[in-house]
Amino acid sequence: MNPYPDLHQNSPLLEGLGEANQKVIEVRDLVKKFGNFVANDHLNFDVYKGEIFGFLGANGAGKTTAMKILCGLSAPTSGKVKVAGFDIYKETEKVKRNIGYMSQKFSLYEDLTIAENIRFYSGIYGIKPAERKEKMEKLLKNLDIESARDSLIGSLPLGWKQKLAFSVAIFHDPKIVFLDEPTGGVDPITRRKFWDLIYEASDRGITVFVTTHYMDEAEYCNRVSIMNEGRIEALDTPENLKQKYGAKNMDEVFLKIARNKE
Amino acid sequence: MMIIFLLPVVQLLLFGKVINTDIQNSRIAILDLSHDNTTREIIAKLVSSGYFVLGEELHPGDDVEDVFRQGKVKMVVTFGPEFEQNLERDGKANVQLLADASDPNTARILTSYASGIINDYVKKEKLQNIQLPNQINTEVRMLYNEGLKSVYMFVPGIMAMILMLISAMMTSISISKEKELGTMEVLLASPLKPIQIVLGKVTPYLLLSFINALTIILIGVFFFGVPIRGSFVFLMSESFLFILMALSLGILISTVAPNQMVAMFISVLALMLPTILLSGFMFPIENMPLPLRILSHAMPPRWFIVIIKNIMLKGTGILFVWKETLILIFMTVVFIGLSIKNFKIRLE
């Protein structure tokens, strides 16, 4: 079932002390209201360094709202939020310097080439040209697309675009990268290749915060939280969740939680 | 959906009412050097015709050009001294029609109507008792545009239109494109400040528009012989102000429009048509029905065209266009303020 069985052994929760226990995201009583509608209802969770944290929930459960708050794209109504050690209210600037973000819609300029996109984002994050060139060569080689460096993004297949968008989002070595449903619209094989990249980033110490509604992806995460109607209903490793709910896979866990609510 | 049914109605009414080259209620000034019965009667005839409204009474020694520079009137009618005596004794009298030809079509119509009314009066009222060959000597002068060249009118109008198009429309489309493609979110999640993002989007269009303005003026001057009687630097500064206004309007549109299509639609509907129809560029504002005349006050190009014509054709400085300049500055501030407000709401 799980293509990466060794991963859970690396889970920061099991590893105990050390660097891995460092909190990179701290959320206490986060509330976000739009008028009378409560999108996030007193969320509480921590995310640890190097962890792959899955943020699950049906459409409209409030996961994108919460993620936007963590990225500084939206202001919370109340609550305490720290990202990369910085306060989301007062130190938005520093938070933004330390995160990468890949939006649902994808985030590269279709009418620019791969190299131009990388140059543009390097400029935004203040990466020096020499460093950029070196890292770009590595990136192109790693993705095996050296020949396509001068191709327009718009001409590439969707799977490539997603891998590129992710690589660009972590190009400035952020502490945390936020992925908002990064693998929408591609087949499971392409999705798994995409996850290879996520593991590489995680190995380098980059924390990955990912929203998804694909349950096979939930299995790949170190820990997952499941949201429903603005609240976090469950938060644990996929193994523990499956045990707790007596389920064979995450899909069942998810369905059981949703049914319990009704 | 509503728009599909409303559009033809609005367009038809707008065009039908606006494209109306007849003149009515044009403001004129009178300089009467005789003050006798005949001149009084002629003035009464002019005013009661419905074409003219008495805007100002001038006195000998007044600077006639000043009333044109201030844009108060479209034509000055001057009666020579001893008008009645001359008419009754020699059958000859002098009247001068001085028209503001920075709008050549209106000037042409105004002068021909006015001389028609004057000659008609003399023939009907005076010829009956006087046996002399009666003759009114109507001297027509076209101020600012002796040759009645229509290009004098088109240069300011085209400039307003192009600057609106490039600045407002292109800005709104390019910003809403980033929103549509999702790249805007990534930029907002980056260390860039919103103001840096907006400046980055706007600066290229600022430069492009400025080059466009310069090109239009140069072609106007060297190819069509349109004069620049005022200060060139002042002219370019006012153009710069207008471009800033249009850019902030473009930003405002982009905060409202969710995608490129809508931005384009708003720009064309809200900017292009009014610029052409209601700014006084093609059709004189005073001929429009009252609601449209009121609406035309909200059209930035209306004020810009007045400024450009004043500087280029009448050679005036800030003294005569400070009001229009202030209106453009006010509009710029309002558009920027509204954009910031909309932007904040979206982020919350």
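Trainee: This is a predicted model, so where does the pLDDT of chain A stand on average?

Mentor: Good place to begin. Chain A averages a pLDDT of 86, and 92% of its residues score at least 70.

Trainee: Let me turn to chain B. How many helices and strands does chain B have?

Mentor: The count for chain B is 13 helices and five strands. Its C-alpha atoms fill a box of roughly 90 × 45 × 35 Å along the principal axes. Of the 348 residues in chain B, 40% count as buried. As for contacts with a separation of 6 or more in chain B, 78% of them join residues 24 or more positions apart.

Trainee: Into which domains is chain B divided?

Mentor: Chain B has domain 1 (18–143) and domain 2 (151–347). With two domains, check the centres and then the contact. Here the C-alpha centres of domain 1 and domain 2 of chain B lie 39 Å apart, and 16 residues of domain 1 of chain B are in contact with 16 residues of domain 2 of chain B. On the domain 1 side, helix 3 (64–69) and helix 5 (104–126) of chain B are the elements that give two or more residues. That side divides into five nonpolar, eight polar and three charged residues.

Trainee: And between the chains, how many residues does the contact take from chain A and from chain B?

Mentor: It takes 19 residues from chain A and 12 residues from chain B. On the chain A side, helix 3 (92–97) and strand 6 (99–102) of chain A each supply at least two residues. The largest share, three residues, comes from helix 3 of chain A. The chain A side divides into nine nonpolar, five polar and five charged residues.

Trainee: Now a helix pair. At what angle do helix 9 and helix 12 of chain B pack?

Mentor: For a helix pair, read the angle together with the distance between axes. Helix 9 (residues 232–256) and helix 12 (residues 300–314) of chain B pack at about 170°, with their axes 10 Å apart. Angles over 145 degrees count as roughly antiparallel, so helix 9 of chain B is roughly antiparallel to helix 12 of chain B.

Trainee: Which residues of helix 9 of chain B meet helix 12 of chain B?

Mentor: From helix 9 of chain B come Phe234(B), Leu235(B), Glu238(B), Phe242(B) and Met245(B); they meet Pro300(B), Phe304(B), Ile307(B), Ile311(B) and Met312(B) in helix 12 of chain B. This contact divides into nine nonpolar residues, no polar and one charged.

Conventions. Residues numbered from 1 in each chain as written. Chains lettered and ligands numbered in written order. Predicted model: local features only at pLDDT ≥ 70, side-chain atom pairs only at ≥ 80, totals over all residues. Helix = DSSP H or I, 4+ residues; strand = E, 2+ residues; numbered from the N terminus. Buried ≥ 20, exposed ≤ 12 C-beta atoms within 10 Å, placed from the backbone. Contact = placed C-beta atoms within 7 Å. pLDDT = per-residue confidence, 0-100. Domains from an automatic or database assignment. Nonpolar A, V, L, I, M, F, W, Y, C, P; charged D, E, K, R; others polar. Axes fitted to C-alpha atoms, helices over the stretch in contact; angles between N-to-C directions. Parallel < 35°, antiparallel > 145°, perpendicular 65-115°, else oblique.
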